[in-house]
Amino acid sequence: MPRVPATSPATGQPTPSYYIHTADAQFVDNAGRTVLLRGINLSGADKAPVGQQSQQLDGFWEAGETGEESFIGRPLNLDDGSADVHLARLKGWGYNMLRYVVTWEALEHAGPGKYDFEFMEYTVRVLRKCKEYGFRVYMDPHQDIWSRFSGGSGAPYWTLLACGINPRNFTATQAAILHPEYPTPADANPADLPAMIWSTNYGRLASQTLFTLFFAGREFAPKCIIDGQNIQDYLQSHFIAAFARLADRIRAAGDLLDECVLGWDSMNEPYEGFCGYPDLNTVPTKQTSTLKKGSFPTPAQSLRLGMGQAQTVDNWKFTTMGPKRDGTVTIDPQGQKMWADPDTEHDGVHPKWGWRRDAGWKLGTCVWALHGVWDVETGAVLIPDYFRYRADGQEVVFIDDFWRPHWHDFATRMRQYHPEAILFVAPPVFVPPPEISEDYLKGRCCLSTHYYDGLTLITRHWNWFNADALGILRGKYSTMLPAIKIGERAIRKSLQEQLGYLQADAKVLGAYPTIIGEIGIPYDMDGKKAYGWTDGGKHKGDFSSQQKALDASMNAADGPNALNYTIWNYCPDNSHAWGDGWNMEDLSVWSPDDLRPTTQYRMQKGDAHLLGQHKHDRSRTPSAASSLSLNTIAPESPASDATVVPPPRVPASQPFAHWDNAFDFLTDGARAVKAFCRPFPTAIVGVPADIQFDVSKAEFKLTVRVRPEDAPRREGLGLGPALSSRPDEAELPTEIYVPLVHYASDKLLSDPQREQSPDSSHYRALSKSSIDTLPGSRSPLSSDPLGLFSTEPDVLSLSVDVSAGRWAVEGQTLKWWYPVPSSGQAREYTIVIRRAGAVIKTADEKAYSSPSLWGRMASCVGGCCTIM
């Protein structure tokens, strides 16, 4: 790694020992070692306030209309001891990076310019707790489908009204599908919400309109003036100001910037809206974010529906052959409109929110009809290509014309409060970033992109076929056939190649690193078989399919890619019944419902972090046979089991009292834990050339490439001269996280897991005086009864081979010293880590019989390319 500068490229200030650089397409510590940042999103639960999961209709609209619902308690409860339990678990899994989810609604729900400073202070407290555990954090301004009041998450309720919209009529007009009202408000059964149907909202009128107004209102909606501003400026200024207020509070904390909070993501998964649509009479063929499932109106039909006009639209279903047209369906709003009634504002002033709407913006009619795009009376589209061209006649390029200017404004404002911020550049899904001037990046940047195995996500099944979805979208294939991948080896290779495409996109920005900001799999596969909801419960606890699917995605980030990532997600109030509490998604790597029956510690129904699944829960559960409230169901019980009274709560002062040891704690409640808790190098002298991990064999292989310029400098970390070293060795070691989950010593295993062979822990225990204790390596717990952060070498049972150098073990960290060439060509070194003794077997590794391969071969042609 080229020698890191002693001063910041952004501010010119000296770099402290904890400083993380972005150079040579890598994250780099202040000693010059490559750093891999891997962790998780905290948390999917943050999309809604505590106690308001998306299935709950009771109080849903009222919360938005009053603006009184606070997000305090998200993502963790700081008052009952559970925050320490969750963060200790994440740290024990080896994670060093958190993507911290915050929505605009959480900051400004009370009205325009009315900020929830109490929530911001709570966020600062949670961030301090994350810092105690040694986590690096990047902040995520999260949204999906604009707002939870339009079927997703993100913006406050009042923004919908500011856009002249009546969200109460979304369901009637199918301008958006809302989970609590599915299929209709009068006969809601939110448990029946189809998998991923929420993502079809990107192709519906509410989302199409809202994002067009946000990004391109000045261009396409010049009549939409509110408080003297175009709606684009009004919305963007409020969005940026809200997150600037949070950034200012984090700055004012005085001990979080750069040491803990590294920087800011830009808006999560921004959407183009109508921008660039070539013809409003047809659905764009190149649009990648709209899943064909359920009713599927064309843009023109959506415009008519929004004005209350009945339409007969195509209907689609997702089969093993992919999306398939399934006849038509008639949607009749019966005169109900998506657009706000003129009587809601007297003389253009809103009585609750206070804005003044320009007289030229007439409420009660479609804003696109107001701009002459279509005629309400005849239903005819008058300017089919209205959104294809700018006013100057140039064809719209959304990423350049509209996304980048907003990103400039957001990044500039964040840097005012966080001068050293790493700017995580997050363009629309699968879209390469545009060129961005170094005047903005200032040597502090990272490409932030997302990837999901779309077929597994939509079908909720691990298939023996797939397709190179990203390759298809990027025009790699002239025909579909070569894109089809048959068999697990081909699928894994394809996924790794696709992540390689995304990593290469960073070159547009410069020599900056890439992080996969979201990656993960659904756990409710195959009818929730692993939860015991099928076949008489005989598959309960069998996460073997989930392990295969997740291992394939995690393997894709390894290999030559050696990517940084944050998995989606860790949800403290996940449940088997409602998943992550948002649109029936169930991607959390841990769930209280998967705690072992013998575990006495339970997150009680009164805890703030679990209220999401209990408070006001009048919705129907997925088990039609059960009339029980979730309040009465213990975590390990299926939703249809008999009532179980939960045990008393463990005192906050003893949150770890009911686990026997670290291995027991780290595996309890974790789903497919062997796939996501995996070894990786956290700090590398040189660069990682290849990372391989065989889950079934617990065999890890790392190849590093070391150049003369990669010699690390101890003083960069604030360390004095080495107490003992060899003249040809690097001053600092490469550090590798080696998880207990795969390599625990026999003394930590229960009898069924303990190996019969002798525990020959092949570690080289150097004397304590010869091993550095690096900054941030001390235990965050004042009391560590489980030994989670022990630095003793005998917690692991290892057999290690190295091609050069020496190594030693401290807790779950292996340190490896090797020579750095003083001149000439780069060298490559390899380390192989195996468990000494047999592989540890866990309950979720039961034999799994796959369905017929040939019965599903053809499905990827129609299905794999649809990515939400």
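Two residues are in contact here when they have heavy atoms within 4.5 Å of each other. Keep that in mind while looking around this model, which is a predicted one.

**Asn661 and its surroundings**

Start with Asn661, which sits in the loop between helix 17 (611-614) and helix 18. Setting aside neighbours within four places in sequence, Asn661 is in contact with Leu748 and Leu786. Lys747 is worth a look too: 86 residues separate Asn661 and Lys747 in sequence, yet their C-alpha atoms are 9.6 Å apart in space. The side chain of Asn661 also has a polar atom 3.1 Å from the backbone nitrogen of Phe663.

**Two buried residues**

Is Asn661 buried or exposed? Its relative accessibility is 14%, so Asn661 counts as buried, the cut-off being under 20%. Thr703, in strand 21 (residues 699-706), is buried as well, because its relative accessible area is 11%.

| Residue | Place | Relative accessible area |

What does Thr703 touch, leaving aside neighbours within four places in sequence? One group of contacts is Val687, Pro688, Ala689 and Asp690, and Glu828, Tyr829 and Thr830 are in contact with Thr703 too.

**Helix 2 under cover**

Now over to helix 2 (residues 82-92), which is mostly covered, with 10 of its 11 residues buried. The buried residues are Ser82, Ala83, Asp84, Val85, His86, Leu87, Ala88, Arg89, Leu90 and Gly92. What does the covering? Strand 4 (38-42), strand 5 (97-103) and helix 4 (117-132) are among the elements involved, and so are helix 18 (662-667) and strand 22 (734-737). Just after helix 2, Gly94 has a positive phi of about 95°.

**Helix 4 against helix 8**

Helix 4, one of the elements covering helix 2, also meets helix 8 (residues 231-253): the two axes come within 10 Å and cross at roughly 50°. That angle is why helix 4 is called oblique to helix 8. The crossing of the two is right-handed. On the helix 4 side, the contact is made by Phe117, Met120, Glu121, Thr123, Val124, Leu127 and Arg128, while helix 8 brings Ala242, Arg245, Leu246, Arg249, Ile250 and Ala253. Sorted by class, this contact has 8 nonpolar, 1 polar and 4 charged residues.

Terms used:
Residues are numbered from 1 along each chain as its sequence is written. This is a predicted model: local features need pLDDT of at least 70, side-chain atom pairs count only at pLDDT 80 or more; totals for chains, interfaces and linings use all residues. Side-chain values use heavy atoms; hydrogens and water are left out. Buried means under 20% relative accessible area, exposed over 50%, partly exposed in between (1.4 Å probe, protein chains only). Helices (H or I, at least four residues) and strands (E, at least two) are DSSP runs, numbered from the N terminus. A polar contact is a pair of N or O atoms within 3.5 Å; within protein, one must be able to donate a hydrogen and the other to accept it, and residues adjacent in sequence count only if both atoms are side-chain atoms. Axes are lines fitted to C-alpha atoms, for helices over the stretch in contact, and angles run from 0 to 180 degrees between N-to-C directions. Angles under 35 degrees count as roughly parallel, over 145 as roughly antiparallel, 65 to 115 as roughly perpendicular and the rest as oblique. A crossing is left-handed if the near helix is turned anticlockwise from the far one by less than a right angle, and right-handed if clockwise. Ala, Val, Leu, Ile, Met, Phe, Trp, Tyr, Cys and Pro count as nonpolar, Asp, Glu, Lys and Arg as charged, and the others, Gly among them, as polar.
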